[in-house]
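Work through the two exercises below with the structure open. Try each task before reading its solution.

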Amino acid sequence: MKEGSIYTRWMGTISLSGEEKKCVVITSVTDTALKTVKIYWDAYIRRVLELPPCKHLAGVEGVCIDTGISFHARISLINEHIVCGTLDLHVRAFNMSHVPMSASEVNCHLLGILEGMALIHSYGFLHPGLSSNKILLTNQGVCKLYDFCLSDNARNILEYKMSRKTLSLNQFPPEAIQRNDYSQKSDVWSTAVVIWEILSNGILNKKINKFLT
C-alpha cells in the first residue's frame with residue numbers, strides 16, 4: 001500500500017470469468033484529505049466512468065464500495081495495473097547517456113500526452129501537478145496520464161498541496177503559486193514544461209525555476 005497526501009493506493013486482484021484473476025490498482029481518498037480538502041470524489045468517479053477508452057490514460061476497470069463498519073460507504077476506483085516506469089526516469093536515462101531520443105520516440109510521447117490532455121479537458125478535468133514524474137511510461141513506450149481531477153476541485157487540491165510542501169514552477173504556473181489560481185491555461189503551462197523537458201533531454205527543465213524566479 002502507498003499512502004500519499006491525498007490518495008491511498010494498493011494492489012489487489014479482481015475475478016474475471018471462470019477462475020481467471022486480474023491484478024489492479026485500487027485508489028481511495030485518504031482520511032486526512034477527506035477532512036481537510038473539499039474533494040468531490042463521488043462526482044469524480046462518475047465522470048471518470050464516462051471517459052471513453054484511451055491508451056494514454058490509466059485504464060479504469062470499475063469501482064468498489066466498502067461499507068465497513070462506518071455509516072458512510074467508501075468508494076474506491078479500480079484501475080488497470082501497469083508494468084511501467086515514469087517518463088521522468090526515462091528522460092533522465094537519456095540525459096545520463098548523452099544520447100538524444102529518436103525523433104519518432106519524441107513524437108510518440110508528445111502526441112500521446114497531448115491526446116490524453118485533450119481528452120480529459122473535454123470531459124471537464126484538469127491536471128494540477130502534471131510533470132514528467134506523474135506520467136507513466138509502459139514497457140511498450142506508451143505515456144499514460146493519471147491523478148487528474150474535476151476542474152471544480154483543482155483550486156482545493158492546489159491549496160492543499162501548497163500547505164504541505166513547496167511547489168515548483170516545473171509543475172505549477174506562476175498564477176497557481178502566487179494566487180492559488182488554476183485553469184485549463186495552467187495545464188497548458190505544465191504540459192509545455194513536460195514537452196520542453198522531453199525535447200531537451202531533461203536539461204532545461206532543471207533550470208526553469210532559476211530562470212523564472
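**Exercise 1: a helix and its faces**

How many residues has helix H7, and how far does H7 reach from its first C-alpha to its last?

Solution. The model is predicted.

Step 1. H7 runs over residues 184–199, which makes 16 residues. From first C-alpha to last, H7 reaches 23 Å. That is close to the 22 Å expected at 1.5 Å a residue.

Step 2. Pick out the residues under 20% relative accessible area. In H7 these buried residues are Ser 186, Asp 187, Ser 190, Thr 191, Val 193, Val 194, Glu 197 and Ile 198. They lie on the same side of H7, because they cover an arc of only 150° around the axis.

Step 3. Turn to the face away from the buried side. There H7 carries the exposed residues Lys 185, Val 188 and Leu 199.

Step 4. Check what follows. Asn 201 comes after H7, and its phi is positive, near 60°.

**Exercise 2: the largest pocket**

Which residues lie nearest the centre of the largest pocket, and which strand gives the most to its lining?

Solution. 

Step 1. Take the volume. The largest pocket holds about 1,200 Å³ of space.

Step 2. List the lining. It comprises 47 residues, with Arg 9, Thr 27, Lys 134, Tyr 146 and Asp 147 nearest the centre.

Step 3. Assign the elements. Those that each supply at least two lining residues include strand S3 (21–29), helix H2 (41–48) and helix H5 (154–164). Strand S2 gives the most, with four residues.

Step 4. The lining divides into 26 nonpolar, twelve polar and nine charged residues.

Technical notes
Residues are numbered from 1 along each chain as its sequence is written. This is a predicted model: local features need pLDDT of at least 70, side-chain atom pairs count only at pLDDT 80 or more; totals for chains, interfaces and linings use all residues. Side-chain values use heavy atoms; hydrogens and water are left out. On a 1 Å grid over the protein atoms alone, a cavity is a set of points where a 1.4 Å probe fits but cannot get out, and a pocket is an open set with protein on both sides within 12 Å along at least five of seven lines; lining residues have an atom within 4 Å of a point. Grid points are joined across faces, edges and corners, and a volume is the space filled by probe spheres set on the points. Ala, Val, Leu, Ile, Met, Phe, Trp, Tyr, Cys and Pro count as nonpolar, Asp, Glu, Lys and Arg as charged, and the others, Gly among them, as polar. The expected span of a helix is 1.5 Å times one less than its number of residues. Buried means under 20% relative accessible area, exposed over 50%, partly exposed in between (1.4 Å probe, protein chains only). The arc is that of the directions from the helix axis to the C-beta atoms.
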